[in-house]
Amino acid sequence: MTETDEAELRDLIPRLRRFARALTHDSTAADDLVQASLERAVSRWKSRHEADSLQAWLFSILYRRFLDERKRAGRFSLLLDVFRGPRDVAPSAEEVVIARASLESFGRLPPEQRALMLLVAVEGLSYGEAAEALGVPIGTVMSRLSRARKALRELTDNDVSPPSLRVLK
């Protein structure tokens with residue numbers, strides 16, 4: 001591993017952690033997942049093809065590791081966090097309701113579609129890199145992404161309901 005590789009690897013750690021946190025919904029589990037993925041990547045560094053994107057390769061390792069852990073544990077987590085920068089003004093009640101409804105809708109997508117949406121929309125991977133990361137053909141990425149966007153649109157269009165109110169006596 002060269003110094004350039006090490007620097008590129010270090011630069012990708014925050015993105016790997018963000019992706020892991022979105023998958024696990026737990027910062028401790030996300031840190032463990034990233035560490036296990038990086039250990040696997042470093043131990044298998046010589047088997048990596050230089051032409052492959054380091055970013056896609058690392059996301060692939062992390063995603064497969066997540067699936068393996070989820071399969072072993074017999075459970076999976078839904079995405080409930082919103083990744084956004086700090087805000088100067090608190091969000092309005094309407095923004096909170098819409099954001100929660102959108103997150104709940106996003107959480108109802110199948111895990112394969114959620115992971116793909118995260119890689120493409122949040123992490124900015126190209127379709128080719130996402131296909132490589134998930135180990136599926138690029139056509140599958142495009143159709144799965146199309147179905148995910150359509151399902152998310154339908155869920156969010158039909159699901160923004162006002163919060164329940166309590167009657168105080």
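At what angle do helix α5 and helix α6 pack, and how far apart are their axes? In the predicted model, helix α5, which spans residues 111–122, packs with helix α6, formed by residues 127–134, at an angle of about 140 degrees, and the two axes lie 10 Å apart. Because an angle has to be over 145 degrees to count as roughly antiparallel, α5 and α6 are classed as oblique to each other. The handedness of the α5 and α6 crossing is right-handed. On the α5 side the contact is made by L116, L119 and V120, which meet Y127, A130, A133 and L134 of α6. By residue class, this contact of α5 with α6 comprises 7 nonpolar residues, with no polar and no charged ones.

Helix α5 also packs with helix α1 (residues 3–24), here at an angle of about 150 degrees and with the axes 11 Å apart. Since angles over 145 degrees count as roughly antiparallel, this description applies to α1 and α5. The crossing in which α1 passes α5 is, again, right-handed. From α1, the residues R18, F19, A22 and L23 take part, and their counterparts in α5 are A115, L118, L119 and V122. The residues of the α1 and α5 contact divide into 7 nonpolar and 1 charged, with no polar residue present.

When neighbours within four places in sequence are set aside, the contacts of S37 are with I61, L62 and R65.

The average pLDDT of the chain is 78, and 78% of the residues reach a score of at least 70. The highest confidence is found in helix α2 (residues 27–43), at a mean of 90, and the lowest in helix α4 (residues 93–107), at a mean of 75. Over residues 75–86 the pLDDT falls below 50, although this stretch has 24 contacts in the model beyond near neighbours in sequence. Where pLDDT is low, the predicted coordinates should not be read in detail.

Terms used. Residues are numbered from 1 along each chain as its sequence is written. This is a predicted model: local features need pLDDT of at least 70, side-chain atom pairs count only at pLDDT 80 or more; totals for chains, interfaces and linings use all residues. Side-chain values use heavy atoms; hydrogens and water are left out. Axes are lines fitted to C-alpha atoms, for helices over the stretch in contact, and angles run from 0 to 180 degrees between N-to-C directions. Helices (H or I, at least four residues) and strands (E, at least two) are DSSP runs, numbered from the N terminus. Angles under 35 degrees count as roughly parallel, over 145 as roughly antiparallel, 65 to 115 as roughly perpendicular and the rest as oblique. A crossing is left-handed if the near helix is turned anticlockwise from the far one by less than a right angle, and right-handed if clockwise. Contact means heavy atoms within 4.5 Å. Ala, Val, Leu, Ile, Met, Phe, Trp, Tyr, Cys and Pro count as nonpolar, Asp, Glu, Lys and Arg as charged, and the others, Gly among them, as polar. pLDDT is the predictor's confidence in each residue, from 0 to 100.
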